[in-house]
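Please keep the sequence and the structure at hand while reading.

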Amino acid sequence: MNSQIIEIPATQWQLPATQNKWINALEQGKVLYFPQLPFTLTADERSLLTPKVLEEKVRNISLANHHELKGAAGDKQTQKLLKNMLQRYRSHSEQLIHSLLPKYQGALREAPTSYRPKAVEARKQSWRADDRRMHVDSFPSRPNHGERILRVFSNINPAGVPRVWRVGEPFADMVKTMLPRAKPYVRWQAKALHKLGITKSLRSEYDHLMLQLHDNMKADMDYQTSAPQVTMPFAAGSAWVCFSDHALHGVESGQYMLEQTFHIAPEDQYDPNISPLAHLNTVMQRQLV
């Protein structure tokens, strides 16, 4: 398996220049790793490095585009610090993506910014929601009709503990194994899910197949252990970027991570022919959206 992780020696969030090989690797489903790109907290923000800032029974704290903070516990000062930290992280992530992928400017749609202060190992989840298992991102209630999921991650662990991922084989190789197991798409069922409010929009055949790939990977423990993969410890003080709908990944351990999500239509990429939607259209020999 060719390396699925590309290391980039950047030390500033505003890259002085980008390279076509980085762009090509990212759009092909590889992970770009910036080992010397820390997101530095202020002295006051360091008080946020505790799971106590997280409300009970939630996985992360998020800041929506309209500045609504969700999932946060604590007094007004704590909430203000969290907002400011997440706003700064959003700004840093924008600088990185705009300088790395200048063609994307004007085409990106921002999603909420999140902070994950809880240790991965402490989570108690169903197998379907367990992100320690390798998967590609696909969300049951939020069909995206082929829109890409681009994410910027930062490990801000104060004790130097890495965020450990498993990064799997190329998407196309996984599809050969998992797609034959997929249940067929039934349009009336998709319409019923939308009418009942279970999905926020009509689930397309693409969204159905991506959910099937997601679930089939997570359910197959033999695949989880024996499929081609590498264990990658993302160091404290580092950042990494990937299309999480394309790069197979699972998080084994770690605590204190920031994450920013962007969305972009496949036709706005540098190469519109490289995306999960384009690949599945080819394999299924029809348009899935």
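## The largest cavity

In this predicted model, the residues that line the largest cavity are Asp137, Ser138, Phe139, Arg142, Pro143, Asn144, Ile149, Tyr206, Asp207, Met210, Leu211 and Asp245. The cavity has a volume of about 80 Å³, and a search of the whole structure for cavities of 30 Å³ or more finds 1.

Sorted by class, the lining comprises 6 nonpolar, 2 polar and 4 charged residues. Helix α5 contributes the most to this lining, with 4 residues.

## Helix α5

Glu259 belongs to strand β11, which covers residues 257-264. Its relative accessibility is 2%, and because buried means under 20%, Glu259 counts as buried.

The side chain of Glu259 takes part in a polar contact of 3.3 Å with the side chain of Arg116, and another polar contact, of 3.2 Å, joins the side chain of Glu259 to that of Arg151. When neighbours within four places in sequence are left aside, Glu259 is in contact with Tyr89, Pro112, Thr113, Ser114, Arg116, Arg151, Val152 and Phe153.

Terms used: Residues are numbered from 1 along each chain as its sequence is written. This is a predicted model: local features need pLDDT of at least 70, side-chain atom pairs count only at pLDDT 80 or more; totals for chains, interfaces and linings use all residues. Side-chain values use heavy atoms; hydrogens and water are left out. On a 1 Å grid over the protein atoms alone, a cavity is a set of points where a 1.4 Å probe fits but cannot get out, and a pocket is an open set with protein on both sides within 12 Å along at least five of seven lines; lining residues have an atom within 4 Å of a point. Grid points are joined across faces, edges and corners, and a volume is the space filled by probe spheres set on the points. Helices (H or I, at least four residues) and strands (E, at least two) are DSSP runs, numbered from the N terminus. Ala, Val, Leu, Ile, Met, Phe, Trp, Tyr, Cys and Pro count as nonpolar, Asp, Glu, Lys and Arg as charged, and the others, Gly among them, as polar. Buried means under 20% relative accessible area, exposed over 50%, partly exposed in between (1.4 Å probe, protein chains only). A polar contact is a pair of N or O atoms within 3.5 Å; within protein, one must be able to donate a hydrogen and the other to accept it, and residues adjacent in sequence count only if both atoms are side-chain atoms. Contact means heavy atoms within 4.5 Å.
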